[in-house]
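This briefing goes through one chain by topic. Please keep the sequence and the model open while reading.

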Amino acid sequence: MHSTRTIASASLLALLSVSALPLTGCSGESDAQKAVEDAELSLRKVSIGDPTLSPSISESAYREAEQAVTDYAGAGKPFGEAASVSLAIAKLGQSALAGQDASDAETESLHKSRIVRARLSEWITMNAIAKASMNFDVSADSDQLRELIALRRQDVTQFEDMLSTIQTEIDGYEAQIADLESKASEERNESARYELRMPNVSAQEAAQLAERVREHTLRADAYELESIRVQGKLERVLPESREIANQVEKAKGQIKLLNESLEEIAQRVKNAEQDARDARQRADSAQQALVSLIDELESFRADTAAPAHARVERSIRDALSALRDVKENATTAGYLATSTAQQHLARALERQARGEADMALLFESILAANVPGPWADRMNDHSAARDDFEQRAQQAFLDAANAMRRARARGENGDRLEAAAIRLEALGGQTPEPEETFEEESYDDESYDNAEDGSDVEMIDDEESDG
C-alpha cells in the first residue's frame with residue numbers, strides 16, 4: 001500500500017521541482033516563493049520511501065502543502081502559478097491516499113461477491129432438490145442428484161482452494177506481526193540498556209546515550225506502527241476465512257444429504273408431498289440468504305465503495321481546477337501535472353469500471369440460474385455503469401495525452417513525451433494516423449479554457465454537471 005503512494009509522491013515532487021526552476025519574480029512575491037518552498041518540504045516527507053509511513057502522516061503532509069499555497073494559488077505571477085502547481089500536486093497526493101481506500105473497498109466488494117456466488121450454488125442445489133422431490137420419476141431424479149453431487153464436490157474443491165489461499169495470507173500476516181513485535185521489543189530493550197548507563201557517565205556521554213535511546217525508541221515505534229497496520233489487514237481477512245470455511249462445511253453437508261437422497265429415494269416417493277414441502281422451505285431459506293447477501297453487497301458498494309471513489313475524483317478535480325490558473329510561467333509543469341491528474345482520473349475510472357463489470361457478471365449468473373427477482377434490471381444498471389466508466393476513462397487518457405503533448409518539450413525529452421502520449425492515446429482507444437504530425441500550440445492561447453483546446457479542464461466540468 002505504501003509503495004504506491006511513495007512512487008506517486010516522488011513523481012509529483014519531481015513536477016514541483018520542475019515548476020519552480022524557471023521562475024523568477026519580484027520581491028513582492030517573496031511570500032508566495034516561501035509558500036512554494038514550504039509546500040515542497042512537506043511533499044518531501046512522503047517521497048522518502050519509508051515503508052512504515054502511516055496514512056495519517058502522509059495525509060498531514062499533503063494538507064500542510066495545500067495550506068501553505070492555497071492563499072497564493074491563482075495569483076497569476078510566477079510564484080502564484082508555482083503555488084497552483086503545488087496545490088494540484090498536494091491534491092493528487094490526497095487522491096492517491098483516497099485511491100488506496102477505494103482499491104481496498106473494491107477488493108472487499110470482490111470478496112463479498114464471491115460469497116454471494118457460493119450462496120447462489122447453495123440455492124441452485126436446494127431448489128433442484130425441491131423440484132426433484134416433486135418428481136416421481138425416480139430415474140431422472142437420481143441422475144439429477146448425481147450431477148448435483150458432482151457440482152457440490154467441485155464447489156468444495158474451489159472453496160478449499162480459496163480457504164488455503166486465504167490461510168496462507170493469514171499466516172503471512174501473523175508472521176509479519178510476530179516479527180515486527182519481536183523487533184520492536186529488541187529495540188525497546190536496547191533503548192533501556194542505554195538508559196541504564198546514563199546515570200553513570202558524564203553529561204556529554206549521557207547526551208550521546210540519550211540520542212541512542214531516541215533512535216531505538218523511534219525504531220520500536222515504527223515497528224509497532226507497522227504491526228498495527230498489518231493487524232488491520234489480518235482482521236479484514238479473518239471474517240472471509242470463517243465464511244468460506246462455513247461454506248465448505250455446508251457443501252459437504254449437502255453432499256451427504258444428496259447421497260442420502262439417492263439411497264432413500266424409494267422411501268421419499270412414498271412421502272413425496274412432505275419431502276417437497278421440506279425441500280421448498282430449505283430452498284426458500286437459501287434464497288432469502290442469497291437476497292440478503294446481495295443487498296448487503298449493494299449497500300457496501302453504495303455506502304463505502306462509492307464515497308471512496310468520489311473522494312478520489314473530487315481531489316483530482318480540485319487539482320485540475322488549480323491548474324487552470326497556470327498559463328504564463330510554469331507552463332511545462334502545468335501541462336505535465338495536468339497529464340498526471342488525467343492519468344490518475346483514468347485509472348480511478350478504470351477501477352470503478354472493473355467493479356461494475358464484476359457486479360454485472362454476478363447478476364448475469366443469478367439471472368441465468370432463474371432465481372426469482374428483478375435481476376435483469378440490476379444487471380443492465382451495472383452494465384451501463386461499466387460502459388460509462390470505461391468511456392470516461394478512455395476520454396481521460398486522451399485528455400492526458402493532449403496535455404502531455406502541450407508541454408512543449410523538445411529534443412530527447414520531447415520524443416519521450418510524444419511516445420508516452422501515443423501510449424496514452426492507445427489506452428484511450430485512439431490509434432494515430434501513420435502520417436499524423438502534431439502542431440505545437442501556444443500555452444498563452446486564450447482557447448486553453450475552451451473545450452477544443454482545453455478538454456482536459458472542460459471534461460471535469462461535464463462530470464460535475466453529470467454528478
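Predicted model: local features only at pLDDT ≥ 70, side-chain atom pairs only at ≥ 80, totals over all residues.

Serine 191 is found in helix H5.

**Serine 191 in helix H5**
- Serine 191 has a relative accessibility of 5%, so this residue counts as buried, the limit being under 20%.
- Apart from neighbours within four places in sequence, serine 191 is in contact with Val213, His216 and Thr217.
- Helix H5 spans residues 138–197.

**The chain as a whole**
- The secondary structure comes to 12 helices and 0 strands.
- Read from the N terminus, the elements run α-α-α-α-α-α-α-α-α-α-α-α.
- The chain has 467 residues, and 43% of them are buried.
- Among contacts with a separation of 6 or more, 83% are between residues 24 or more positions apart.
- The accessible surface is about 23400 Å², with 48% of that area belonging to carbon and sulfur atoms.

**Nonpolar cores**
- The largest nonpolar core holds 42 residues, and the members that touch the most other members are Val116, Ile294, Phe363, Ile366 and Val371.
- At least two residues of this core come from each of helix H4 (78–133), helix H5 (138–197), helix H6 (203–263), helix H8 (272–323), H9 and H10.
- H5 supplies the largest share of this core, 10 residues.
- A second, separate core has 37 residues, including Ala308, Ala341, Ala400 and Ala401.
- Valine 116 touches Leu290, Leu293, Ile294, Leu297, Leu362 and Ile366, with residues up to four places away in sequence not counted.

**Aromatic rings and charges**
- The count of aromatic pairs, with ring centres within 6.5 Å, comes to 1.
- The pair is phenylalanine 363 with tryptophan 375: their ring centres are 6.0 Å apart and their planes are at 20°, so the pair is stacked, which requires planes under 30 degrees apart.
- This pair links distant parts of the chain, with phenylalanine 363 in helix H9 (residues 331–368) and tryptophan 375 in helix H10 (residues 375–405), 12 residues apart.
- Phenylalanine 363 is buried, at 0% relative accessibility.
- Tryptophan 375 is buried as well, with a relative accessible area of 2%.
- Two charged residues lie over ring faces: lysine 112 over phenylalanine 300, at 5.4 Å from the ring centre, and arginine 193 over tyrosine 194, at 4.7 Å from the ring centre.

**Helix H9 and what follows it**
- H9 has 38 residues and reaches 54 Å from its first C-alpha to its last, close to the 56 Å expected at 1.5 Å a residue.
- Threonine 331 has its place in helix H9.
- Its relative accessibility is 8%, so threonine 331 counts as buried.
- Threonine 331 and arginine 406 are 75 residues apart in sequence, while their C-alpha atoms are 8.8 Å apart in space.
- Asparagine 370 follows H9 and has a positive phi, near 65°.
- Phenylalanine 363, which lies in helix H9, is also one of the residues that touch the most other members of the largest nonpolar core.
- As background, an α-helix has 3.6 residues a turn, so residues three or four places apart point the same way.

Notes. Residues numbered from 1 in each chain as written. Heavy atoms only, no water. Phe/Tyr/Trp six-rings, centres within 6.5 Å; stacked < 30°, edge-to-face > 60°. Helix = DSSP H or I, 4+ residues; strand = E, 2+ residues; numbered from the N terminus. Buried < 20%, exposed > 50% of the residue type's maximum accessible area, 1.4 Å probe, protein only. Lys NZ or Arg CZ within 6 Å of the ring centre and 35° of its normal. Contact = heavy atoms within 4.5 Å. Areas by Shrake-Rupley, 256 points an atom, 1.4 Å probe, with all protein chains shown as cover. Core = buried A, V, L, I, M, F, W, Y, C linked by side-chain atoms within 4.5 Å. Expected span 1.5 Å × (residues − 1).
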